[in-house]
Each structure stands twice: as C-alpha cells, then as structure tokens.
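Please look through the sequence and the structure before reading on.

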Amino acid sequence: MRAQATEFLRALRRHRESGASGAGAPGGGTGAGASAPGRAAPPADDVDAVRALRRAARRISGTLHTFQPLLDASWAEEMRPELAWLSGTLALEHAYASRLERLLQALHRLSGSAVFPAPRPVGRAAATVPAGVPAPARPASPDRGSLTVGAAKAGALLDRQLTLARTRAHSTALQALGSSRFHAVADKVALLASEVPLRATGRPDRGPAPAASASGPGTAPFDLRPLAAAAEERLTDAVTALPLVAAGSPYNAQALVHGLSPDPAPHPQDAPWHQVRLLLRLHRYALEALAGADTGNTGDTGDTEAAVDVRLLAAGEALDRHRDASEAAAAAAQAARTPRIAPATAYALGVLHADQRHEVEAARYAFQHSWRKEPIRLP
C-alpha cells in the first residue's frame, strides 16, 4: 500500500507538471484523456499521469477491500468509497473513447466501408495523431449493400452520442481533479505513503501486536495469507457459479436471445462475469501484496509483478475483452432506440449489436479456456 501511495503521489506530481506546461497551448490545460474535437490534444505525459493516478487509486482501494480487517476500521471505510469515486471518474472519458473506437472499427469490418467517422485516437496516440484523420478506405463487398447503406448514419449517430458522453466525462474529470474532495483524498494518500494505519487492537483473534511494528518500513506485522486466501476463495466460488459449460463453445447462440429488446437494462447474463472480473483483480492485488511482504519491497513494484500467475493474466485479459464488448453492445442497442432513425440505420446497429454479443461469447470461451489450464508462474 505504501508503494502504491508513493506511485499515486508521483503520478499526481507528473499530472500537475504536464498540466502547467500545456496551459499556455491553444486548448491546453489538464485533462483526463484525449482532447475533444477541435482542441489541441493534451500532452502524452498528462494522459499517462492520469492513467497512473487511476491505476494507483484502484490498487489501493482493492488492497483496502481485501485486508480491511487488519486496518483501522474508520479510516478504511472512509477511504475506499473516495478512491472508488476517483478511479471511476477518471476512467469514464477513456472508456467512452475506447467504446467509440471499437464500434466504428467493427462497423468498418462488417460493412467494408469507411464513409462513417474515423475513430478518434485514444490515450498516447491522441498526442500525435490529429483528430479527424480519415480511416483508410476499403471497397465495400457487393453482398454488404444493405449494411453499407446504414453504416454511415449508424457511425455518425454513435459518434455524436459517445463524443457527447466523452466530453461530459472530460469536464467531470477536470472538476474532480480540482475539487476539495480530490485534495482531501490526495492528503490521505500522502499520509499513507509514510504510515499505514493498522488496527491498534492488534491481530484479529491473535491478541495484541507490538505498536512499533505497525509503521516500520518493510515490515508485515500481521499474517496476510488468510485474507489473501479468502479473496482467492471468493473468486473460485464465483467462477464455479459461472455457466462455463455454455461458454465451452466460441459462440453461444442461446446467449444472443436477449437481442435488441426494449429493456434498457444491461444484459442479464453479464453481471456474474463482471463480478468475476472484479474478484480476479482483487485476487491479483492480494498476491502482489503477499509478494511485496515476502520480499520487503516498499518502492519498486517490478518484483511483485513478476510473481503474478500467467494464467490469471490471460483470464483477466479475456474478462477485460468481455467487459468492453458487453458495454459496446449496450451502446449500440441504446443508439438503436433513438427515435425516428432510418430502418437502414437501425439494421446496421442491430448487426453491430449482434457482432459485439458474439465477441462477448468469444471472450467467455477464452476465459474458461485460460482458467482451466494448470497454473504457470513467470520465472
């Protein structure tokens, strides 16, 4: 936790420095991602700094969740929702930009046409590629005529809706990073970098612990293994409850029945998979905390990352693709509910929705394929 708090403060300093250097440029200033259309892109260092802020906040929050019984109860209960608010707020703009890029690329692939808006660059690429650069043209196939007709308007509709959401998320992130709420979180993380507020009553069910060991550098006054094992057990139970038999084929037709229903709620089959993704992340963070405690690592996270199970990395990547495809399908379905759109546009959005739901099923298949492999450790 101290190492991640130090990383948070380092990223915050980088963000402030890059924000100050970009303030004099046209459309400059601090930001949480790629620039809005017609504005100068923020420096790449600014984008990377915000990403590092989000990553450190997420890891600290995950560690608090797993090892909360060892920490000061009131402090941990106050910190967790604030860190979750911060990481969630900073993630929105990048999520909308990535979703738009994913959907436009899928439309390009399905229709063979590039007449719809080119996806705007996301992340580091936003600092080097000017907005509005058209995608390379591809000739449309003769048998894709109906889809090609609606693809242009579908792409334009998605571009309008997601760009608006992205712009609002950008403004929200700017307001958050300048708010007193964020500065209060930063102050608490600064204190965390020097001292972890452990429970004053000592180890759970094991009697009091020496007070001097609570803040000593590189020490582990409590046994972290039982709580890390509990996090792994929660993950295993959640995976066991998943319909892995249905995910045993790359494309599960039964999971596509939901389709473009009038119900705006998320796909009912996705929630358990999203929960497994969160539990898998908590399990990985717990393993990193154990590795850091075993090696006495307090500043460099390279050694802890080397101890991560390769199988968990592959499973996590599959679940990330599952989340991205699920949210992209929901965005396509939401666009298809726009009043008074042309039938060809609705048709293109329906094909796009089905394509992303197939990607969801492919990601589930990839997850179960990775999860059932024997654990392999990096050397």
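How many helices and strands does the secondary structure of the chain come to?

## Overall make-up

The chain has 10 helices and zero strands. This description rests on a predicted model. Read from the N terminus, the order of elements is α-α-α-α-α-α-α-α-α-α.

The chain holds 379 residues, and 44% of them are buried.

## Nonpolar cores

In soluble globular proteins, nonpolar side chains tend to be buried together. In this chain, the largest nonpolar core comprises 38 residues. Within this core, F8, L83, L86 and V189 have the most contacts. Two or more residues are contributed by each of the following helices: α1 (2-22), α2 (44-66), α3 (73-111), α4 (145-177), α5 (180-192), α6 (225-240) and α7 (271-295).

L86 illustrates how such contacts are made. Leaving aside residues up to four places away in sequence, L86 touches F8, A57, L177, F182 and V185. Another core, of 18 residues, lies apart from the largest one. Its members include L100, A106, A154 and L352.

## The pairing of α9 and α10

Two packed helices are described by the angle between their axes and the distance between the axes. For helix α9 (residues 310-336) and helix α10 (residues 343-371), the angle is about 165 degrees, and the axes are 8 Å apart. Angles over 145 degrees count as roughly antiparallel, and α9 and α10 are therefore roughly antiparallel to each other.

The crossing in which α9 passes α10 is left-handed. Sorted by class, the residues in the contact of α9 with α10 are 19 nonpolar, five polar and five charged.

## The crossing of α3 and α9

How are α3 and α9 oriented to each other? Their axes come within 10 Å and cross at roughly 75 degrees. Angles of 65 to 115 degrees count as roughly perpendicular, so α3 and α9 are roughly perpendicular to each other.

On the α3 side, the contact is made by R99, R102 and L103. On the α9 side, R321, D324, A325, E327, A328 and A331 take part. The residues of this contact of α3 with α9 divide into four nonpolar and five charged, with no polar ones.

Methods: Residues numbered from 1 in each chain as written. Predicted model: local features only at pLDDT ≥ 70, side-chain atom pairs only at ≥ 80, totals over all residues. Heavy atoms only, no water. Axes fitted to C-alpha atoms, helices over the stretch in contact; angles between N-to-C directions. Helix = DSSP H or I, 4+ residues; strand = E, 2+ residues; numbered from the N terminus. Parallel < 35°, antiparallel > 145°, perpendicular 65-115°, else oblique. Left-handed = near helix turned anticlockwise from the far one by under 90°. Nonpolar A, V, L, I, M, F, W, Y, C, P; charged D, E, K, R; others polar. Core = buried A, V, L, I, M, F, W, Y, C linked by side-chain atoms within 4.5 Å. Buried < 20%, exposed > 50% of the residue type's maximum accessible area, 1.4 Å probe, protein only. Contact = heavy atoms within 4.5 Å.
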